[in-house]
Amino acid sequence: RNVWIDVLTALRQNMSTSNLWIVTATFDDPGFIRIQGKARDDNHVTDFVTALKNSKKFATVALERIDLNKGEKPEYKKDFTLNAVIAGVDPKKKKN
């Protein structure tokens with residue numbers, strides 16, 4: 001579906017790649033998105049969530065968790081997970 005191209009564009013345009021990076025992203029019909037990533041600090045995560053909300057491409061954007069990262073890249077101190085639903089899509093209606 002062409003809607004996913006718009007979603008990927010919105011993600012890229014609203015992400016500060018020098019401060020935050022996406023580790024995994026799951027795109028499910030009918031429009032549910034789950035993103036896991038790493039960030040330099042909490043502010044970069046909340047800025048990303050706010051930017052996605054302001055993009056109007058998403059009906060909802062919710063930060064599920066943000067935790068201290070004890071992993072391989074010390075400059076990226078936070079792990080995060082967020083969930084979103086594409087605007088104009090009813091997530092309760094599964095595509096047949």
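How many aromatic pairs does the count come to? The count comes to 2 aromatic pairs in this predicted model.

**View 1. The rings of Trp21 and Tyr76 form a pair.** Their centres lie 5.8 Å apart. Their planes stand at 85 degrees, and the cut-off for edge-to-face is over 60, so this pair is edge-to-face. The pair links distant parts of the chain. Trp21 belongs to strand 1 (residues 20-28). Tyr76 lies in the loop between strand 3 and strand 4. The two residues are 55 residues apart. Is each residue buried, exposed or partly exposed? Trp21 has a relative accessible area of 27%, so it counts as partly exposed. Tyr76 has 8%, which is under 20%, so Tyr76 is buried.

**View 2. Phe48 and Phe80 form an aromatic pair.** This pair is edge-to-face. The distance is 6.5 Å centre to centre, with 70 degrees between the planes. Phe48 sits in helix 2, and Phe80 sits in strand 4. They are 32 residues apart, and the pair links distant parts of the chain. Both Phe48 and Phe80 are buried.

**View 3. Arg40 meets the ring of Tyr76.** The charged end of Arg40 sits over this ring. Its distance from the ring centre is 4.8 Å.

**View 4. The largest nonpolar core has 19 residues.** Which residues have the most contacts inside it? They are Ile33, Phe48, Phe58, Phe80 and Leu82. Helix 1 (3-13) and helix 2 (42-54) each give two or more residues to this core. So do strand 2 (32-39), strand 3 (58-68) and strand 4 (78-86). Leaving aside neighbours within four places in sequence, Phe80 is in contact with several residues, among them Leu20, Trp21, Ile35, Val45, Phe48, Leu63 and Ile66.

**View 5. Lys78 lies in strand 4.** Which side chain does the side chain of Lys78 join through a polar contact of 3.3 Å? The partner is Asp42. Not counting residues up to four places away in sequence, Lys78 also touches others, including Gly37, Lys38, Ala39, Asp41, Ile66 and Asn69.

**View 6. Strand 1 and strand 2 form a hairpin.** The two strands run antiparallel, joined by 8 bridges. Ile22 has Gly37 of strand 2 as its bridge partner. There are 3 residues between the strands. Gly31, in the turn, has a positive phi of about 110 degrees.

Notes. Residues are numbered from 1 along each chain as its sequence is written. This is a predicted model: local features need pLDDT of at least 70, side-chain atom pairs count only at pLDDT 80 or more; totals for chains, interfaces and linings use all residues. Side-chain values use heavy atoms; hydrogens and water are left out. A nonpolar core is a set of buried Ala, Val, Leu, Ile, Met, Phe, Trp, Tyr and Cys residues joined through side-chain atoms within 4.5 Å. Buried means under 20% relative accessible area, exposed over 50%, partly exposed in between (1.4 Å probe, protein chains only). Helices (H or I, at least four residues) and strands (E, at least two) are DSSP runs, numbered from the N terminus. Contact means heavy atoms within 4.5 Å. A polar contact is a pair of N or O atoms within 3.5 Å; within protein, one must be able to donate a hydrogen and the other to accept it, and residues adjacent in sequence count only if both atoms are side-chain atoms. Rings of Phe, Tyr and Trp (its six-membered ring) pair if their centres lie within 6.5 Å; planes under 30 degrees apart count as stacked, over 60 as edge-to-face and the rest as tilted. A charge sits over a ring if NZ of Lys or CZ of Arg is within 6 Å of the ring centre and within 35 degrees of the ring normal. Two strands pair if DSSP finds at least two bridges between them.
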